[in-house]
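This report describes a ligand site and several individual residues. The sequence and structure follow.

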Amino acid sequence: MEIREIQLSDAAALLNLRRQLEKETRFMQYVPDENANSVEKQVENIHSILKSGCSMIFVAETEGSLIGFTAVLGNKLKRIRHRASVIIGILEKYQNQGIGKNLLKHVDEWARDHGIERLELTIMAHNRRALGLYNTMGYYVEGMRRNALVIDNEIIDEFYMGKILKR
Ligand SMILES: CC(C)(COP(=O)(O)OP(=O)(O)OC[C@H]1O[C@@H](n2cnc3c(N)ncnc32)[C@H](O)[C@@H]1OP(=O)(O)O)[C@@H](O)C(=O)NCCC(=O)NCCS
């Protein structure tokens with residue numbers, strides 16, 4: 001298994017990965033088929049991320065297939081350019097093998113090298129595995145957004161989590 005920065009040529013594979021994740025888990029943002037991105041749109045997104053200098057996507061690849069990814073999405077505005085949001089997803093078959101932890105280590109290293117001092121994310125309050133991963137990686141719960149989501153008619157709270165990177 002290799003972890004590396006995304007390339008433009010990963011556009012179709014990343015789209016497939018995200019679609020598969022949306023089918024497998026209720027913990028990601030979109031429901032299946034809601035993410036209507038085309039491959040062309042995905043190429044544009046990757047291109048703008050790669051040239052931004054404040055954002056990056058890392059992919060986990062095994063035997064030529066993408067099996068997980070993490071995105072660190074930063075800002076250009078002067079007052080908030082020290083912070084970035086994190087998203088992560090790993091296919092079910094490859095979970096619990098340390099890949100999530102490894103991806104987030106890449107995020108930390110990349111963020112430090114790019115002047116980012118704060119990482120943040122939101123997480124559904126009942127997502128115990130992700131909570132365990134983020135705690136292990138030094139993220140703390142900073143607040144709760146009550147009744148943040150409605151999934152299959154169930155009302156879900158969300159935690160805000162953050163991590164301060166030491167200079
Ligand atoms: C959440 C997710 C990213 C974790 O990645 P992973 O590769 O399965 O996790 P890892 O194997 O790297 O585990 C890392 C740490 O998470 C914690 N962890 C793992 N499974 C756990 C569980 N069932 N309960 C609590 N903590 C758990 C442990 O602290 C573990 O560290 P340790 O093995 O050193 O003790 C992955 O399971 C996933 O993509 N889930 C579906 C999508 C999702 O929930 N995305 C996050 C949305 S906020």
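The side chains of Glu 120 and Arg 83 are joined by a polar contact of 3.4 Å. A polar contact here is a pair of N or O atoms within 3.5 Å; within protein, one atom must be able to donate a hydrogen and the other to accept it, and residues adjacent in sequence count only if both atoms are side-chain atoms. Glu 120 belongs to strand 5, residues 118-124. Helices (H or I, at least four residues) and strands (E, at least two) are DSSP runs, numbered from the N terminus. With a relative accessibility of 19%, Glu 120 counts as buried. The classes are buried under 20% relative accessible area, exposed over 50% and partly exposed in between, with a 1.4 Å probe and protein chains only.

The model is predicted: local features need pLDDT of at least 70, side-chain atom pairs count only at pLDDT 80 or more, and totals for chains, interfaces and linings use all residues. Residues are numbered from 1 along each chain as its sequence is written, and side-chain values use heavy atoms, with hydrogens and water left out.

**The ligand site**

The ligand is surrounded by 22 residues, of which the closest are Ile 90, Gly 98, Gly 100, Lys 101 and Thr 136. A residue is near a molecule if one of its heavy atoms lies within 4 Å of it. By type, the shell divides into eight nonpolar, 11 polar and three charged residues. In this division Ala, Val, Leu, Ile, Met, Phe, Trp, Tyr, Cys and Pro count as nonpolar, Asp, Glu, Lys and Arg as charged, and the others, Gly among them, as polar. Strand 4 (83-90), helix 3 (99-113) and helix 4 (128-136) each supply at least two residues of the shell. Helix 4 gives the most, with seven residues.

| Residue | Protein atom | Distance to a ligand oxygen atom |
|---|---|---|
| Ile 90 | backbone N or O | 2.7 Å |
| Gly 98 | backbone N or O | 2.7 Å |
| Thr 136 | side-chain N or O | 2.6 Å |

On its own the ligand has 940 Å² of accessible area, and the protein covers 75% of it. Such areas come from the Shrake-Rupley method with a 1.4 Å probe; for residues, only the protein chains shown count as cover.

**Residues with positive phi**

Most residues other than glycine have a negative phi. Asn 147, in strand 6 (residues 140-151), has a phi near 50°, a positive value. Asn 147 is exposed, with a relative accessible area of 53%. The phi of Asn 153 is also positive, near 75°. Asn 153 lies in the loop between strand 6 and strand 7 (154-164), and Asn 153 counts as exposed at 75% relative accessibility.

**Thr 25 and Val 39**

Thr 25 is found in the loop between helix 1 (11-24) and helix 2. A polar atom of the Thr 25 side chain lies 2.9 Å from the backbone nitrogen of Phe 27. Thr 25 counts as buried, at 17% relative accessibility.

Val 39 lies in helix 2, residues 39-52. Its relative accessible area is 34%, so Val 39 is partly exposed. The C-alpha atoms of Val 39 and Ala 11 are separated by 6.0 Å, although the two residues are 28 residues apart along the chain.
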